[in-house]
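Let's take a walk through a protein, going from its aromatic rings to one of its pockets. Have a look at the sequence and the model first.

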Amino acid sequence: LGIPAEPLFRSLHVITGPLFLGEKITFINNRVAVPTHLWKLVYDPVKKTGGVFFVLNSNTQDIGWKSIPDFEKISGYHFNLGNPALMTMPTPKQHF
C-alpha cells in the first residue's frame, strides 16, 4: 500500500516502412518501386528499449528481430533515439 502500481498500458512508439536494399529494384508499370524488405520499429520511451521486426518482402516466415542501432546501420534510417537496449519480444508467428 502506498506504492503506485505500474499502469496496465503505456505508450509505445511504432513506425512501419519499406526498405529498398541492393541494386536490383522491381518496378510495377515502370512507376511503383516494390520494397525488398518491410520493417516495423517498436520503441518504449519509458524503459528506453526497442527493436525492429525486419523481413524480406517475399513468401517467407523468416522474420528477424534487430536492435534499433543495428537496423539504422543496415537501412540508413536514423531515429534519434540514442542507443536503446534491445526489447525482449516473443517469436513472431504467421496467422494466415
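**Rings, a histidine and a pocket**

In this predicted model, ring pairs link Trp39, Phe54, Phe71, Tyr77 and Phe79 into a cluster. Counting up the aromatic pairs gives eight. Take Trp39 and Phe79: their ring centres sit 5.8 Å apart and their planes meet at 65°, so this pair is edge-to-face. Trp39 belongs to strand S4, while Phe79 is in the loop between helix H1 and strand S7, so the pair ties together parts that are 40 residues apart in sequence. Both Trp39 and Phe79 are buried.

Now try Phe53 and Trp65. Their rings make a tilted pair, with 4.6 Å from centre to centre and 50° between the planes. Phe53 comes from strand S5 and Trp65 from strand S6, so here the parts tied together are 12 residues apart in sequence. Trp65 is partly exposed, at 23% relative accessible area.

Back on strand S4, you'll also find His37. Is His37 buried or exposed? Its relative accessibility is 14%, so it counts as buried. Setting aside residues up to four places away in sequence, His37 touches several others, including Gly17, Leu21, Phe54 and Val55. The His37 side chain also makes a polar contact with the side chain of Thr36, at 2.9 Å.

Last stop: the second largest pocket, with a volume of about 150 Å³. Its lining consists of Thr16, Leu38, Trp39, Lys40, Phe53, Phe54, Val55 and Ile63. Strands S4 and S5 are the elements that give two or more residues to this lining. By type, the lining residues are six nonpolar, one polar and one charged.

Note on methods:
Residues are numbered from 1 along each chain as its sequence is written. This is a predicted model: local features need pLDDT of at least 70, side-chain atom pairs count only at pLDDT 80 or more; totals for chains, interfaces and linings use all residues. Side-chain values use heavy atoms; hydrogens and water are left out. On a 1 Å grid over the protein atoms alone, a cavity is a set of points where a 1.4 Å probe fits but cannot get out, and a pocket is an open set with protein on both sides within 12 Å along at least five of seven lines; lining residues have an atom within 4 Å of a point. Grid points are joined across faces, edges and corners, and a volume is the space filled by probe spheres set on the points. Helices (H or I, at least four residues) and strands (E, at least two) are DSSP runs, numbered from the N terminus. Ala, Val, Leu, Ile, Met, Phe, Trp, Tyr, Cys and Pro count as nonpolar, Asp, Glu, Lys and Arg as charged, and the others, Gly among them, as polar. Buried means under 20% relative accessible area, exposed over 50%, partly exposed in between (1.4 Å probe, protein chains only). A polar contact is a pair of N or O atoms within 3.5 Å; within protein, one must be able to donate a hydrogen and the other to accept it, and residues adjacent in sequence count only if both atoms are side-chain atoms. Contact means heavy atoms within 4.5 Å. Rings of Phe, Tyr and Trp (its six-membered ring) pair if their centres lie within 6.5 Å; planes under 30 degrees apart count as stacked, over 60 as edge-to-face and the rest as tilted.
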